[in-house]
Amino acid sequence: MPHPFTPLASVPVDLRHARVHEEGWQSWSPSGAYALGTAPHRPANANWATVCYRPGVTVPAGVFQGEGLLALDPGDGSPVRLWAAAEPTREVPSIRLAVRDGIAEVAADGPVKEWTGDAIQSVLGDWAAGLGSAAPRPAPTVWCSWYEYFTEVTEDDIHENLRAMDTLDLPVDVVQIDDGYQRALGDWLTLSGRFRSRAAIAGKIRSRGRRAGIWTAPFLVDPASELAAEHPDWLVRDTAGGFTHAGRNWGHDLRVLDTTHPDAAAYLTEVFTTLRAEGYDYFKVDFLYAGALDGVRHADVDPLTAYRSGIELIREAIGPESYLLGCGAPILPSIGLFDAMRVSPDTAPHRRPEADDYSQPGQDPAEFTGAARQWQHGRLWINDPDCLMARPAVETRERWAAHVESTGGLMASSDRLLSLDEWGVETTRRLLSGA
């Protein structure tokens, strides 16, 4: 049952100048500061509410809501106030703010603590620094297959771009194979027909002096996969006895791997120890929201405990020297688990997102949320602003490149490198080199 909202504060505000920062639930959830008369970004449909926002949580009209963090600049010169989850990795309360007659009324449905500061970004940064997390390791530079080839990537595409990195003298540390090498979500060790050997291609990448990286969505299971057919007991159930619904994507209604089941945990360990043994030491783990969905699991634990234990299992399997990048991940419950974190929705070759939903792919939403989460960089992890796309076909490529560069975060290229013109090559080289 949801907890009732308890009043926290009544704060006088300047209606013209006040700003409210909403922190979204996960990587793709819109986050940012709004004027009081602005309508915050909300899901355009029920599927995106599950896949990109906090599932099961709705926000009344005319109300601002942050998931575990909400900051208010009253706009009258008084201090910025931040309400933050008391134990952010264990419980993430929703924090609401509504304005009535010039007074901001703040309430939360769980325990929070209050901080004050001079500006929204600085008080969020002070809160993050106060968590005492170790300084994150620097990120390698990356080439990723996703934004050029999507799920149709082939082994030959990887080889072509690997050669192009040498030809164009690009300082790429990691060559990361994204979605498309596997037969199905869940069947991670079974190749699609477009790849011949994961181990061989990792060896080829390493033979050229670069590191091999690979993508997975470890908590998602395609109902058409062998895993779903052979091991339905490994999947999270709903209270009615069906399967927990992780949203619709790739043309299927997706299910969730129950990493609290000993056999499912052993399988996931096998997946990642195998990939590590094949030579991969950079891991992008995606669609992680699924691991924190409500449901009936083998072990009687809350969803956030199940989520964190699942990530810890992956980290143990890949070893401390491997680099771990999270994406589509619940933000506060992920603290202390990752080297780098995607802090925005996906970018795209276009600016505007579908249905104007700021959780969906597009340069506008990626810039909006990426800039608003800059306070996380270097404190919680290395921020991943998403990939540079510098090919001529990309809309407003100069503006997107400027945003990626401004973050100082993880630098990754995601073009077919031979499609780059002179500006694209020079920009890619410059951002990857940090010059």
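Which residues in helix 7 meet helix 8? In this predicted model, the residues on the helix 7 side are Ala 265, Leu 268, Thr 269, Phe 272, Thr 273 and Arg 276. Their partners in helix 8 are Leu 313, Ile 314, Ala 317 and Ile 318. Sorted by class, this contact holds seven nonpolar, two polar and one charged residues. Helix 7 spans residues 262-277 and helix 8 spans residues 303-318. Their axes lie 8 Å apart and form an angle of about 35 degrees, and the crossing is right-handed.

**Strand 6 and its partners**

Strand 6 covers residues 80-85, and five of its six residues are buried. Strand 6 pairs with strand 5 (residues 69-73) in the antiparallel sense through four bridges. Six residues lie between the strands of this hairpin, and among them Gly 75 adopts a positive phi near 80 degrees. Strand 6 is also antiparallel to strand 9 (residues 112-117), to which six bridges join it.

**Aromatic pairs**

The model contains 16 aromatic pairs. Two of them are set out below.

| Pair | Centre to centre | Angle between planes | Geometry |
|---|---|---|---|
| Trp 28 and Phe 287 | 4.9 Å | 75 degrees | edge-to-face |
| Trp 146 and Phe 150 | 5.0 Å | 75 degrees | edge-to-face |

The pair of Trp 28 and Phe 287 connects parts of the chain that are 259 residues apart. Trp 28 sits in the loop between strand 2 (19-22) and strand 3 (32-35), whereas Phe 287 belongs to the loop between strand 19 (280-285) and helix 8. Both Trp 28 and Phe 287 are buried.

Why is the pair of Trp 146 and Phe 150 edge-to-face? The planes of the two rings stand at 75 degrees, and an angle over 60 degrees counts as edge-to-face. Is Phe 150 buried or partly exposed? Phe 150 has a relative accessible area of 34%, which lies between the limits of 20% for buried and 50% for exposed, so Phe 150 is partly exposed.

Trp 28 and Phe 287 also belong to a cluster linked by ring pairs.

Conventions
Residues numbered from 1 in each chain as written. Predicted model: local features only at pLDDT ≥ 70, side-chain atom pairs only at ≥ 80, totals over all residues. Heavy atoms only, no water. Buried < 20%, exposed > 50% of the residue type's maximum accessible area, 1.4 Å probe, protein only. Helix = DSSP H or I, 4+ residues; strand = E, 2+ residues; numbered from the N terminus. Pairing = 2+ DSSP bridges. Axes fitted to C-alpha atoms, helices over the stretch in contact; angles between N-to-C directions. Left-handed = near helix turned anticlockwise from the far one by under 90°. Contact = heavy atoms within 4.5 Å. Nonpolar A, V, L, I, M, F, W, Y, C, P; charged D, E, K, R; others polar. Phe/Tyr/Trp six-rings, centres within 6.5 Å; stacked < 30°, edge-to-face > 60°.
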